[in-house]
Amino acid sequence: MSFSAWLSELNRVLIVFVPCAIAGMVSGNMVVFFIIGFIAYGLWTAGQMATLKKWFDSGAHAGDAPEFIGIADQMVSGVADLQRQNSARQDSLERLVSQFNELTAALPDAVIVLKPSGEIQSSNEAADNLLHISPDGDTHSRITQLFRDPLFTEYFFAGKFDEPLEVQATTTGDKELSIRIIPFSEDRLVLIAQDMSQTARIHEMRRSFISNASHELRTPLTVILGYLETLSGHPKLPEECKAATNSAELQAQRMKQLVEDLLALSRIESTASVAKESEAIPVGSIIMDVVKETELSATICQHDIRTQIETDASLKGDLQEIHSVISNLVNNAIKHTELGTSVQVSWKMADQDSAELSVADTGQGIAPEHIERLTERFYRVDAGRSREKGGTGLGLSIVKHVVERHEGHLRISSELGQGSRFTCSFPAHRLLLENQ
């Protein structure tokens, strides 16, 4: 309480007791008049408290604040100031909420605020357009009861929101949706759904174009290669033309390999997202076959290729695709390392839940800034060296797609001057052991 409040209260005491003291001295009955003063002071204070309570009960509006003398007046002033500050904060909060609602209403993406249980707190107009969730009528309903997609239900209750979920919005035609859930407080989630239909169509158009162009290029390339092979082996070919013919044949072979890789990647992307478990693939045997084929090539005879087969487990999936993974990883290690480099290919159980196929080399390694982009199409750390060695820039992209189709994961670790390791991990349910 401030000094001015106590001074004001002292003034109130003087207003009551000074007249009583004067009257007591004049009449000679000081005690009686002091008792009268105490009664008057008490009644005055009680009246102030009654008025104060009535003001509180009516809502304590600053405009209706009563005027007192003393400490009660300071209390009223303090409450009125707090009420004005609270009103200002409430107005500011209402403006922020209004701005937030205007922002979410203007967004083309669906925005839904949820409780962890899935109860809808608020949503925007786009949520009605994309998910048929009304901002007015569906508040307090559970989102899993309104958006009945099994994949979404599993995604929501799993609680793992690191990656977005892509689903087909059956209630809105053929729209492709990307749904992401973001926790933003202990008891709130925000769901954002984007319409990815246009992006999906562009991706499909690009894939179709690449596939069709590759098919169209395959036939003329085969004809060109046939003529070049015949021409290069012709006994009457002048010596000055042999170098040009050999170079043309080499480039035609490289282009043919590029076309084959494009067709392989297009085929993988166009098939089901998860490969069927229809075939038991003897990974160890394929590794041995690929290594033998590679060692027969004169260009890599100086590499030290070793194998380490620690398990006889087979992998359930697509034989051709797994063969391409092993072949691409081995050839990639050879093409991008110096002659004499040691390359080790292994197949082993990592633990009871997975098996690992890995290809490691002792080459020059890869700088950290390149590792994240190695699986992008046509990305090369050293473009000149890749072209010199005949690389197409699609090998690791094919590896990544095939491994993911077999529910696996590709890990790349490397350190400059220490070599690189490419590891493909496959889950236990994809494995078939000899004793099973």
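Reader: A crossing counts as left-handed if the near helix is turned anticlockwise from the far one by less than a right angle, and as right-handed if clockwise. Left-handed or right-handed for α10 and α13?

Author: Left-handed for α10 and α13. Bear in mind that this is a predicted model.

Reader: How do the axes of those two sit, α10 and α13?

Author: The axes of α10 and α13, the latter being residues 395-405, cross at roughly 145° and come within 9 Å.

Reader: Which residues make the contact?

Author: On the α10 side they are E321, I322, S324, V325, N328, L329 and N332. From α13 come G395, L396, I398, V399, V402, V403 and R405.

Reader: And by class, what does the contact of α10 with α13 have?

Author: Eight nonpolar residues, four polar and two charged.

Reader: OK, α9 next. At what angle does it pack with α10?

Author: About 45°, with the axes of α9 and α10 10 Å apart. Here α9 spans residues 283-295 and α10 spans residues 319-335.

Reader: Left-handed or right-handed, the crossing of α9 and α10?

Author: Right-handed for α9 and α10.

Reader: Which residues of α9 and α10 are in that contact?

Author: α9 brings V283, I286, I287, V290, E293 and T294. α10 brings L319, H323, I326, S327, V330, N331 and I334.

Reader: How do the residues of the contact of α9 with α10 divide?

Author: Into eight nonpolar, four polar and one charged.

Reader: Different topic. How many cavities of 30 Å³ or more?

Author: The count comes to one. About 40 Å³ of space lies in the largest cavity.

Reader: What lines the largest cavity?

Author: R207, I210, S211, L262, L265, S266, E269 and R377.

Reader: Which helices supply at least two residues of that lining?

Author: α7, residues 197-232, and α8, residues 239-270, each do. The largest share of the lining comes from α8, with four residues.

Reader: By class, what is in the lining of the largest cavity?

Author: Three nonpolar, two polar and three charged residues. R207, E269 and R377 are the charged ones.

Terms used
Residues numbered from 1 in each chain as written. Predicted model: local features only at pLDDT ≥ 70, side-chain atom pairs only at ≥ 80, totals over all residues. Heavy atoms only, no water. Axes fitted to C-alpha atoms, helices over the stretch in contact; angles between N-to-C directions. Contact = heavy atoms within 4.5 Å. 1 Å grid on protein atoms, 1.4 Å probe; cavity = no way out; pocket = protein on both sides within 12 Å on 5 of 7 lines; lining within 4 Å. Points joined across faces, edges and corners; volume = space filled by probe spheres on them.
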